[in-house]
Amino acid sequence: ISQNPLVYQNMVIVASQTGNAGLVAYDKQTGEVVWKTGKLPGETGYTSPAIVKVSGEDHLVMASATGGGRGAPSSPGSVSGHDPKTGALLWSYEGWQCKIPIPNVTELGDNRFFITGGYQAGGAIFAVEKKGGSYAVRETLKSEKFGTHIHPAILYEGHLYGHCSNNEEQDGFVCMDLDGNIKWETGRKPSFDKGGFILADGMLISSDGEKTLYLIEPTPAEFKVLAEAELLDTKQSWAPLALSDGKLLIRDQEQMKCVQVK
């Protein structure tokens, strides 16, 4: 009900996350099942499957939710890497847990990845190392402070940027280096809560999650606004942004606008 399908080569890959199938690949022309995995660890999350590079190879990455609660036994989720051609499990990382994962990983280079989520999950950096014909996962960082709720963090010149306000914390837009040091955070002034944000031409374009769109210079020195405009009328603008040829689509739960970004 929430993920994007992933088109890969001759397949469409969907995160079904049922008791019988976690990931399923269909032939994009006929709809025939090409492969499917067994149930993913933990419970259903909102993460969309994604393709990343590990040692120059394509890996299919998926995150599943921590299960349990209300008297049920704990059931850890995972961030897992699969062969996109067969669905075979290549590696799994359980050091980071989130009860409702939404963003997928951000690639950091050198086979390193950053995973983050809301609900006090924070974020973590891990590396996937190829050893012969197998893979090993090594955790390199945990951060309780940097946790984006809906959208994946953006990496720019050695720093991560993201909206770190959620149901429990109101840290706003946050910049963190890859050693876990927070460079700045906006808190509630201005507040950034679940809005979409993208990187284009070396600048961050970001909704504040409510009415206003910001153009921000991504620098660890300070939170630097280049321009802003109030575009929407409601208080839940959580959708991803889409930019093409200078035209930006922004929407909330009641309206959608296309604006020229110059």
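Predicted model: local features only at pLDDT ≥ 70, side-chain atom pairs only at ≥ 80, totals over all residues.

Student: How many nonpolar, polar and charged residues are in the lining of the second largest pocket?

Tutor: The lining of the second largest pocket has 9 nonpolar, 1 polar and 2 charged residues. Among the residues that line this pocket are Ile205, Leu213, Leu215, Val259 and Val261, along with Glu228 and Lys262. Two or more lining residues come from each of β21 (212-217), β22 (224-230) and β25 (256-260). The volume of this pocket is about 210 Å³.

Now for the largest pocket, with a volume of about 910 Å³. Its lining is made up of 32 residues, and Asn4, Ile102, Ile150, His151 and Pro240 lie nearest the centre. By class, that lining has 17 nonpolar, 12 polar and 3 charged residues.

There is also 1 cavity of 30 Å³ or more, and the volume of the largest cavity is about 30 Å³.

His149 sits in the loop between β14 (134-143) and β15 (154-156). Buried means under 20% relative accessible area, so His149, at 4%, counts as buried. Its side chain makes a polar contact with the side chain of Tyr119, at 3.3 Å. Leaving aside residues up to four places away in sequence, His149 also touches others, including Ile102, Pro103, His163 and Lys194.

Conventions: Residues numbered from 1 in each chain as written. Heavy atoms only, no water. 1 Å grid on protein atoms, 1.4 Å probe; cavity = no way out; pocket = protein on both sides within 12 Å on 5 of 7 lines; lining within 4 Å. Points joined across faces, edges and corners; volume = space filled by probe spheres on them. Helix = DSSP H or I, 4+ residues; strand = E, 2+ residues; numbered from the N terminus. Buried < 20%, exposed > 50% of the residue type's maximum accessible area, 1.4 Å probe, protein only. Polar contact = N/O pair within 3.5 Å; in protein donor to acceptor, adjacent residues only side chain to side chain. Contact = heavy atoms within 4.5 Å. Nonpolar A, V, L, I, M, F, W, Y, C, P; charged D, E, K, R; others polar.
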